[in-house]
Amino acid sequence: MISRSLKLMAGLLALAVLGGCVSPKTVDYSAYKQSRPKTILVLPPLNDSPDVKASYSMLSQVTFPLAEAGYYVLPIALVDETFRQNGLTTPADIHQAPADKLRNIFGADAALYITVTEYGTHYMVISSETAVTATAKLVDLKTGTTLWTGSARASSEEGGNNSGGGLLGALITAAVKQVINSSTDAGYPIAGVASNRLLSAGHPASLLYGPRSPKYGTD
Amino acid sequence: MNKYLSWPLMALALSGSALLAGCNSGPKTLYQWESYQPQVYEYFKGETPKEAQAEALERDLQKIASTGKTAPPGYHAHLGLLYLSMGKDDQMVQQFRTEKTLFPESGTYMDFLLKNAKTGDVK
């Protein structure tokens, strides 16, 4: 009895270890592969969290995973200024902008619509957790077809580094901590990890590699 | 360092980093990022003078040039935006053109910005 349950546990453990990189989720990439976007326009994220910093904290950290995945990412702050000059000052307004306008002005193949659903620190009795959750949708600007959707969460309370962000995420967090005083904006480095987890290529259900990556067409 | 000690140490470090890398292919990147993303956040927060932001990005460009790698997409365009807000139009134009040269995909947008800059209807 005991040995049987031990065997079962060992089996489960082996599965968990082997599981690591494998996800049971399958994604239909047919529209994405047909569209083959080269340039991505990231719109300022909608913010469903109570923290006003969420949108721009997240927005300022989306370029890394997307560009490293092989896409050209339209310059974040400059794009935001162009929207403002044209009277679109809130993420909600910008998310309503017509696709053909976005394509004509920015020359983008696809737009990324992000919503931040959780951002900030929960204080508990003996500890506190800073967490960021976001969802994203990649839309073809010519056809209006949704090419990909995803969501990711990152938390200060995660153990180990076997998560989607992996070593890269840890490195970014470390680098970011030196620049930003995390006591005033604890969500910022966590948003960086969430962004990396949400938008990097090369893992199950992720974005596909773009044309500037040597791994383009391999996934 | 001791010649006989350094090899096992290096092997250990390499196997360690391979283990850490796990599913990822490692920290090798397509671009040299330096402080681009934190500087974009600084721009949005608006707490640091634009001049200081531009200086930081220019300093990092020298580092990038010395390694022979490329600045990431948007880096030069962002620097152009800073020069625009400082009224340094010549430098703005130069940065937008560099962005277009490095990343022809930015052509449509850079041309739009340069055209508006020329007609005085800046941004």
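Biologist: In which loop of chain A is the place of A:R36?

Modeller: A:R36 sits in the loop of chain A between α2 (30–35) and β1 (39–42). Here helices (H or I, at least four residues) and strands (E, at least two) are DSSP runs, numbered from the N terminus. This is a predicted model, in which local features need pLDDT of at least 70 and side-chain atom pairs count only at pLDDT 80 or more, while totals for chains, interfaces and linings use all residues. Residues are numbered from 1 along each chain as its sequence is written, with chains lettered from A and ligands numbered from 1 in the order in which they are written.

Biologist: What is the phi of A:R36?

Modeller: Most residues other than glycine have a negative phi. For A:R36, however, phi is near 45°, a positive value in a residue other than glycine. A:A205 is another such case, with a positive phi near 65°; A:A205 belongs to the segment after α9 (187–199) of chain A.

Biologist: Are A:R36 and A:A205 buried, exposed or partly exposed?

Modeller: One counts other C-beta atoms, placed from the backbone, within 10 Å of the residue's own: 20 or more means buried, 12 or fewer exposed, and in between partly exposed. A:R36 is partly exposed because 15 other C-beta atoms lie within 10 Å. A:A205 has 14 C-beta neighbours inside 10 Å and therefore also counts as partly exposed.

Biologist: Which residues does A:K38 touch?

Modeller: Contact means that the C-beta atoms of two residues, placed from the backbone, lie within 7 Å. Not counting residues up to four places away in sequence, A:K38 touches A:Y71, A:Y72, A:D109, A:G210 and A:P211, and also B:E105 of chain B. A:K38 lies in the loop between α2 and β1 of chain A, and it is partly exposed, with 17 other C-beta atoms within 10 Å. A:K38 and A:V73 are 35 residues apart along the chain, yet their C-alpha atoms are separated by 8.9 Å.

Biologist: Which strand does β1(A) join, and in what sense?

Modeller: Two strands pair if DSSP finds at least two bridges between them. Three bridges link β1(A) to β4 (residues 110–123) of chain A, and the two run parallel; A:L41 stands opposite A:A111 of β4(A). Strand β2 (residues 46–47) of chain A also pairs with β4(A) in the parallel sense, over two bridges, and there A:L46 has A:T115 as its bridge partner. With β5 (residues 128–140) of chain A, β4(A) pairs in the antiparallel sense over 13 bridges. Within β5(A), A:A134 is the residue opposite A:V116.

Biologist: What is the span of α9(A), and how many of its residues are buried?

Modeller: The expected span of a helix is 1.5 Å times one less than its number of residues. The 13 residues of α9(A) should therefore span 18 Å, and the end C-alpha atoms are 18 Å apart, which agrees. This helix is mostly covered, since 13 of its 13 residues are buried.

Biologist: How many helices and strands does chain B have?

Modeller: Chain B has six helices and zero strands, so that its elements run α-α-α-α-α-α from the N terminus on. Of its 123 residues, 31% are buried. Among contacts in chain B between residues at least 6 apart in sequence, 49% join residues at least 24 apart.

Biologist: At what angle do α2 and α3 of chain B cross?

Modeller: Axes are lines fitted to C-alpha atoms, for helices over the stretch in contact, and angles run from 0 to 180 degrees between N-to-C directions. Helix α2 (residues 36–45) and helix α3 (residues 50–67) of chain B have axes that come within 11 Å and cross at roughly 170°. That makes α2(B) roughly antiparallel to α3(B); angles over 145 degrees count so, those under 35 as roughly parallel, 65 to 115 as roughly perpendicular and the rest as oblique. B:Q39, B:E42 and B:Y43 of α2(B) make the contact with B:Q53, B:A56 and B:L57 of α3(B). By class, these residues are three nonpolar, two polar and one charged (Ala, Val, Leu, Ile, Met, Phe, Trp, Tyr, Cys and Pro are nonpolar, Asp, Glu, Lys and Arg charged, and the others, Gly among them, polar).

Biologist: Which residues of α5(A) and α4(B) meet?

Modeller: Helix α5 (residues 76–85) of chain A packs against helix α4 (residues 75–85) of chain B at about 50°, with axes 8 Å apart, and α5(A) is therefore oblique to α4(B). A:A77, A:L78 and A:E81 meet B:A77, B:H78 and B:L81, a contact of four nonpolar, one polar and one charged residues. B:H78 counts as buried, with 25 C-beta neighbours inside 10 Å.
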